[in-house]
Amino acid sequence: MNSIPLLTPAVLTGSDDNFIDHSSLERPVHRDIVAPWRSLVAEARAAGFDLAIASGYRNYQRQLQIWNAKACGERAVVDLEGIPLDINALDEWQLVQAILRWSALPGASRHHWGTDIDVYDRAAVPADYQLQLSAAEAADTGPFGALHRWLDQRIEAGTAFGFFRPYAHDRGGIAPERWHLSYAPLAVRCQRQLRVDQLWAELNSPSLALGATVAQHWPTIFARYIWVPAQAYPTQFREHLSEIESRI
Ligand SMILES: [Zn+2]
C-alpha cells in the first residue's frame with residue numbers, strides 16, 4: 001500500500017492513469033487493489049460465487065461523454081426505479097440532480113481513482129447475459145442477491161480485505177448502489193485530498209454541459225454527491241475523514 005507518491009490533482013480527477021493496472025484483472029483497476037481483490041475472489045469462489053468486475057477504472061474523458069450525453073438527452077436519465085425521465089420537464093438544477101443520482105460529475109467519480117469497482121456474480125447468469133447493474137439485479141430476490149448478502153456479511157465482519165460499500169444507503173444524493181465496492185485503505189487516502197473549492201477549480205471546464213448550474217450549486221453538490229461520509233467507511237478508517245468532514 002505504499003506505492004502512491006502520486007495523489008496529484010490529475011490522478012484524483014481521472015486524467016492520469018500511470019497507477020492503473022490494465023491487464024491483471026478483467027477490468028483496469030489501481031495496481032494496489034489487485035492483490036486484495038484476488039483474495040476476496042478466492043473466498044467468494046469457495047462460497048460458490050464467481051465474483052467479477054463489471055466496471056473498474058474510468059477516465060475523465062469517458063465520464064465527460066456519459067455526463068454530456070445525459071445532459072443533452074442522447075442518453076436516458078432515469079429515476080430511482082429506472083424509468084426514463086422527460087428532461088424537458090426539468091429545470092437545469094433538477095436535471096443536474098437527476099443525472100447525479102446515477103452518474104458522477106466528470107472528474108469527481110471514485111472510479112477515476114481505480115479504487116472503486118462495480119461487481120456481479122458471473123456464475124449466476126448465462127454467458128450472454130446483458131448486465132444492467134440495476135437495483136432489481138442486486139436485490140435479495142435478484143440474480144446477484146446471494147452474492148450481495150455474502151458480501152454484506154464479509155463487510156460487516158471486517159473480513160472483506162478492505163472492501164466496503166460507499167453507496168449502501170440512500171442519503172438523498174447518489175442512489176443506493178449495492179454493486180459498487182470501494183477499497184477503503186486507498187480510497188480514504190484519495191478522498192482525504194478532496195477540498196470543495198480546489199476541486200471545482202480543477203473540474204470547471206467549458207466542455208462540461210450544465211457547468212453554470214453546477215457552479216451555482218457547487219457546495220451542495222460536493223457535500224451531497226461527492227463526499228462519502230466517514231460513517232460509511234469501515235470503523236478504522238473513519239477518523240481519517242471526520243476532521244475534514246466537520247469543515248464541509
Ligand atoms: Zn460504480
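Start by selecting Phe-161. At 32% relative accessibility, Phe-161 counts as partly exposed (between 20% and 50% relative accessible area, with under 20% buried and over 50% exposed; 1.4 Å probe, protein chains only). Phe-161 sits in the loop between helix 6 and strand 5 (163-164). Helices (H or I, at least four residues) and strands (E, at least two) are DSSP runs, numbered from the N terminus. Check the backbone: phi of Phe-161 is near 60°, a positive value in a residue other than glycine.

This is a predicted model, in which local features need pLDDT of at least 70 and side-chain atom pairs count only at pLDDT 80 or more, while totals for chains, interfaces and linings use all residues. Residues are numbered from 1 along each chain as its sequence is written, and side-chain values use heavy atoms, with hydrogens and water left out.

Next, go to Leu-133. Leu-133 is not a glycine, yet has a positive phi of about 55°. Find Leu-133 in the loop between strand 4 and helix 5 (135-138). Its relative accessible area is 23%, so Leu-133 is partly exposed.

Now select His-111, in the loop between helix 4 (92-102) and strand 4 (116-121). Is His-111 buried or exposed? His-111 counts as buried, at 5% relative accessibility. Its side chain reaches the backbone oxygen of Gly-56 at 2.8 Å. A polar contact of 3.4 Å also links the side chains of His-111 and Asp-118. (A polar contact is a pair of N or O atoms within 3.5 Å; within protein, one must be able to donate a hydrogen and the other to accept it, and residues adjacent in sequence count only if both atoms are side-chain atoms.) Show the surroundings: leaving out residues up to four places away in sequence, His-111 touches residues including Ser-55, Tyr-57, Arg-58 and His-180. Contact means heavy atoms within 4.5 Å.

Move on to a helix pair. Select helix 7 (residues 184-192) and helix 11 (residues 235-245): they pack at an angle of about 10°, with axes 10 Å apart. Helix 7 is therefore roughly parallel to helix 11 (angles under 35 degrees; over 145 is roughly antiparallel, 65 to 115 roughly perpendicular, the rest oblique). Axes are lines fitted to C-alpha atoms, for helices over the stretch in contact, and angles run from 0 to 180 degrees between N-to-C directions. On helix 7, colour Ala-184, Pro-185, Val-188, Gln-191 and Arg-192; on helix 11, Phe-237, His-240, Leu-241 and Ile-244.

Last stop: helix 2 (residues 34-46) and helix 6 (residues 145-157), whose axes come within 12 Å and cross at roughly 125°. These two helices are therefore oblique to each other. Leu-40, Glu-43 and Ala-44 of helix 2 meet Trp-150, Leu-151 and Arg-154 of helix 6.
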